[in-house]
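Me: I would like to go through the aromatic contacts of the model shown here, one question at a time.

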Amino acid sequence: MEAYKHTVQYYETDRMGITHHSNYIRWMEEARVDYLAQLGWNLEKLEAMGAVSPVTTLEAKYKRNTTFPEVISIWVTLTEFSGVRIKLRYVMKNAAGEEVFVGQSEHCFLDRQGRILRLKKAFPAFAQALEEQLPRQA
């Protein structure tokens, strides 16, 4: 998978010229949307099929400041898939290759009525695409 690139915008910085911490969570979402699109399962497609994917858990570790107009590369990796939930890891690096942020998000999948979807049954092709992204066990 290709890294998602985000250019830090001026409005994302605070009075000190440093990116405000809340923006990294937004960048996680941008990268997650891009990751799913790279898999061939963009959010528009999933929503048209009747699936939504709310965030259930977030973890964030800020390692270095970023500033306008740095370009940040965000690598997304699927670390867990239970058939109902996914867990994604995000590694953000600056142009020098230094880690600036590491995070995780967990999501479940629901139908339009808010009921849990078991992806292997509801959307087997999507479940298979996710399973193919899981790290291989040694």
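**Aromatic contacts**

Reply: In this predicted model, Tyr24, Trp27, Tyr62 and Phe101 are joined into a cluster by ring pairs.

Me: How many aromatic pairs does the structure hold?

Reply: Two rings count as a pair if their centres lie within 6.5 Å. On that criterion, the number of aromatic pairs in the structure is 7.

Me: Which parts of the chain does the pair of Trp41 and Phe126 link?

Reply: The two residues are 85 residues apart, and both of them are buried. Trp41 belongs to the loop between helix 1 (22-39) and helix 2 (43-48), whereas Phe126 belongs to helix 4 (residues 124-131).

Me: What is the geometry of the pair formed by Phe109 and Phe126?

Reply: The ring centres of Phe109 and Phe126 lie 5.6 Å apart. Because their planes are at 80 degrees, the pair is edge-to-face.

Me: Is Phe109 buried or exposed?

Reply: Buried means under 20% relative accessible area. The relative accessible area of Phe109 is 1%, so this residue is buried.

Me: Which residue has its charged end over the ring of Trp75?

Reply: The charged end in question is 5.6 Å from the centre of the Trp75 ring, and it belongs to Lys93.

Note on methods: Residues are numbered from 1 along each chain as its sequence is written. This is a predicted model: local features need pLDDT of at least 70, side-chain atom pairs count only at pLDDT 80 or more; totals for chains, interfaces and linings use all residues. Side-chain values use heavy atoms; hydrogens and water are left out. Rings of Phe, Tyr and Trp (its six-membered ring) pair if their centres lie within 6.5 Å; planes under 30 degrees apart count as stacked, over 60 as edge-to-face and the rest as tilted. Helices (H or I, at least four residues) and strands (E, at least two) are DSSP runs, numbered from the N terminus. Buried means under 20% relative accessible area, exposed over 50%, partly exposed in between (1.4 Å probe, protein chains only). A charge sits over a ring if NZ of Lys or CZ of Arg is within 6 Å of the ring centre and within 35 degrees of the ring normal.
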